[in-house]
Amino acid sequence: LGFGVMAPPANAVGGVGKVSDRLKAYGLPPLGPVPNGFTPLLEIWGKGKNRFPLLVLFNHPITWVVTTPSNDVNGEDGTIQAGEYAKGDTATLFVYTEDGHVDNLADAGKPLFEKVLQKAISQKSANIYQNFKVTKVVPQTGPEYEGKDYVICDFKYELLTGAGFEVDRRGVAAITSQGKAVEVLWTASIRERFKKTEPALRDIASSFRCYADGLNFSNELMQLITTKELSDAL
């Protein structure tokens, strides 16, 4: 049978021109306004065999470091994230699959948003938190959302560090339900920085778009190539 190697997919797409071209190629709505000092990121979550593909788009500050999921023969691990990690400013994708697709998301109610966001902030096993609260829920109805359901949530919580410290965090999240899951882009900073970072976090959350249905990702998904196929191609 031979061993297998993974054919690498296309890397994340950044920059206004490249992202605009890729969106056009998919037949999707054009890229919206990108604030000064920001850059758009377009990436597929779910290139591995253990996940389903989602096309994810959001803007982030140019200086932020981007990380994307890793893939091998066992599937995909990790998520799409951007941040200035030394200062605690982050934007992270979380895909919640337990309840499947949720119709009329704006009417789902705060309990769903609280459940999903608590799952999101605790997706790393080392993250222990307390006093979590969603403080505001605003359904998004503007024409830029193309009739898709999106909700912006403000939230706060206390992160308990391994060193025993309590760190107050404030955040803004965008939540939608595309395909067979609920998708969240959650952004957060420490409380002391939130007054400064809040406008940027809101810009990031409001730029979040997620696409699942009717797109052909076949050229960008991980493909298992056997050693025989590889030798035949050489």
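Let's start with salt bridges: this structure holds ten of them. Keep in mind that we are looking at a predicted model, and I'll walk you through a few of the pairs.

Take Arg51 and Glu76. These two form a salt bridge, and their closest N and O atoms are 2.7 Å apart. Where do Arg51 and Glu76 lie? Arg51 is in the loop between strand 3 (38-45) and strand 4, while Glu76 belongs to strand 7 (residues 75-77), so this pair ties together parts that are 25 residues apart in sequence. Arg51 has a relative accessible area of 22%, so we call Arg51 partly exposed. Glu76 comes out at 5%, which means Glu76 is buried.

On to the next pair. Lys119 makes a salt bridge with Glu98, and here the closest N and O atoms are 3.2 Å apart. This pair also links distant parts of the chain: Lys119 sits in helix 2 (residues 110-121), Glu98 sits in the loop between strand 9 (89-96) and helix 2, and the two are 21 residues apart. Is Glu98 buried or exposed? Glu98 is exposed, because its relative accessible area is 55%.

Glu192 has a relative accessibility of 57%, so Glu192 counts as exposed. For Arg191 the value is 41%, and that makes Arg191 partly exposed.

Salt bridges can also join up. Which residues are linked in a network of salt bridges? Please find Asp154, Glu198 and Arg202 on the screen: these three are linked in that way.

Before I stop, let me show you a residue from another part of the story, His60. You will find His60 in strand 4, which covers residues 54-61. His60 has a relative accessibility of 4%, so His60 counts as buried. What is His60 in contact with, if we leave aside its neighbours within four places in sequence? There are Gly37, Phe38, Thr39 and Leu41, and then Val66, Ala82 and Ile204.

Conventions. Residues numbered from 1 in each chain as written. Predicted model: local features only at pLDDT ≥ 70, side-chain atom pairs only at ≥ 80, totals over all residues. Heavy atoms only, no water. Helix = DSSP H or I, 4+ residues; strand = E, 2+ residues; numbered from the N terminus. Buried < 20%, exposed > 50% of the residue type's maximum accessible area, 1.4 Å probe, protein only. Contact = heavy atoms within 4.5 Å. Salt bridge = Lys/Arg side-chain N within 4 Å of Asp/Glu carboxyl O.
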